[in-house]
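Trainee: I have the entry open and I'd like to go through it with you. Can we begin with the pocket you mentioned and work from there?

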Amino acid sequence: MKKSTATLRAENYPHDNGEWFCEFNYRNVKGLGKEEGVVRRDPSAVILVDGLYYVWYTKSEGDFNSKSENIYDKQFPWDYADIWYATSKDGYDWEEQGVAIGRGGQGSYDERTVCTPEILAHDGKFYLVYQCMDKDGKYRGTYETVALAAAEHVCGPWTKSKEPILTRREDGHWLDDYETYNDQVFEGTVHDPTLFFYNDKFYLYYKCALQKDKQNKPDFAGTNTRWGAAIADKVEGPYIPSEYNPITNSGHEVIMWQYKDGMAALLNREGPERDTIQYAKDGINFEIMSRISHSPGAAGLFRNPEADKAPLEGLRWGLWHPPYEEREGRWDYIRRFDIRPKYLQN
């Protein structure tokens, strides 16, 4: 009996009943839910400090219009935003605490917006990485940068980096010989940063939109996104992009956790390998471990101290904001997700 290429490929798909497969439950939380005229979105990882859960997130107020011709109008929900934080005793009932990172002063690299934060607790200190943009920034989603803020205490005060720690490449291309590679090598954005201390170095993962042609026009809809990685010996940098970039061919928001000696990732929404859980023993070269459905987007995972017990422990629960097609109303809000208990090993 002969087998087609499609049949051979299907036989090598990961089984959906394995230890990397799961489904999710979703529920509302108190304190971060729907509020008319207020945007809350892109929650960071959740960390537990002295018996209290902490999360950071993008918050803005007022309407927005992505079709406005005036670049100084509020264009998107995350435009003219600050980074706020909230605390909870149980992960369900949250109390908003106030601004953690505010926009910078006139002429600063973060004058217009700071958003999409991620938290790293390391060596007794706390670090936030986040997206930001200056006053006009050649806007429309292209020229955001990534910054770093550090604090001795989980509640701050936070000290910002003097300059961004990551920017898009000036020529816009992953490789110097991009024409011999293909046209899809444009690092048009650096979004959704996530920071880990891994293999005795600092790994900064981020989302990039790649060009569709040679006209240097990035895909703002996000349908052509990839992930990249930049690595540094010190937390303040310099961060050097991996020579393997892009390290994925799919995925929208960067959703990752450490498992044993490698990095695990949930790739959602975009690309040929969307809705998969993947794992890289070296943190760079990812392999598909399972295919899932209806996964949480823009998810901030609970940084479970027992994540090494099983592959999905680092994905056990967290916070997320539903996409437009899955909610009613104009205003982003934050919900909770949990892996369905039957998929957890304890």
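Mentor: In the lining of the second largest pocket, β7 gives the most, with 4 residues. A strand here is a DSSP run of E with at least two residues, a helix is a run of H or I with at least four, and both are numbered from the N terminus. Please keep in mind that this is a predicted model, in which local features need pLDDT of at least 70 and side-chain atom pairs count only at pLDDT 80 or more, while totals for chains, interfaces and linings use all residues. Residues are numbered from 1 along each chain as its sequence is written, and side-chain values use heavy atoms, with hydrogens and water left out.

Trainee: Okay, and how much space lies in the second largest pocket?

Mentor: The second largest pocket holds about 530 Å³, where the volume is the space filled by probe spheres set on grid points that are joined across faces, edges and corners. Its lining has 22 residues, and L120, A121, Q258, R303 and N304 are the closest to its centre. Besides β7, the elements that give two or more residues to this lining are β3 (47-49), β11 and β15. By class, the lining divides into 14 nonpolar, 4 polar and 4 charged residues; Ala, Val, Leu, Ile, Met, Phe, Trp, Tyr, Cys and Pro count as nonpolar, Asp, Glu, Lys and Arg as charged, and the others, Gly among them, as polar.

Trainee: Changing topic: how many cavities are there of 30 Å³ or more?

Mentor: The count comes to 2 cavities of that size. On a 1 Å grid over the protein atoms alone, a cavity is a set of points where a 1.4 Å probe fits but cannot get out, whereas a pocket is an open set with protein on both sides within 12 Å along at least five of seven lines; lining residues have an atom within 4 Å of a point.

Trainee: Which residues lie nearest the centre of the largest cavity?

Mentor: Those are P43, T116, P117, D192 and V254, out of 14 lining residues, and the volume of this cavity is about 110 Å³. Both β7 (113-122) and β11 (191-198) supply at least two residues of its lining. The second largest cavity has about 40 Å³ of space, and its lining consists of E19, A310, P311, L312, E313, Y343, L344 and Q345.

Trainee: Last topic: in the largest nonpolar core, which residues touch the most other members?

Mentor: They are F24, W257, I277 and L315, in a core of 22 residues. The strands that each supply at least two residues of this core are β1 (24-28), β15 (255-259), β16 (262-267), β17 (276-280) and β21 (335-339), and the largest share, 3 residues, comes from β15. Apart from this core lies another, of 21 residues, among them V49, I101, Y130 and A149. A nonpolar core is a set of buried Ala, Val, Leu, Ile, Met, Phe, Trp, Tyr and Cys residues joined through side-chain atoms within 4.5 Å.

Definitions and conventions:
Buried < 20%, exposed > 50% of the residue type's maximum accessible area, 1.4 Å probe, protein only.
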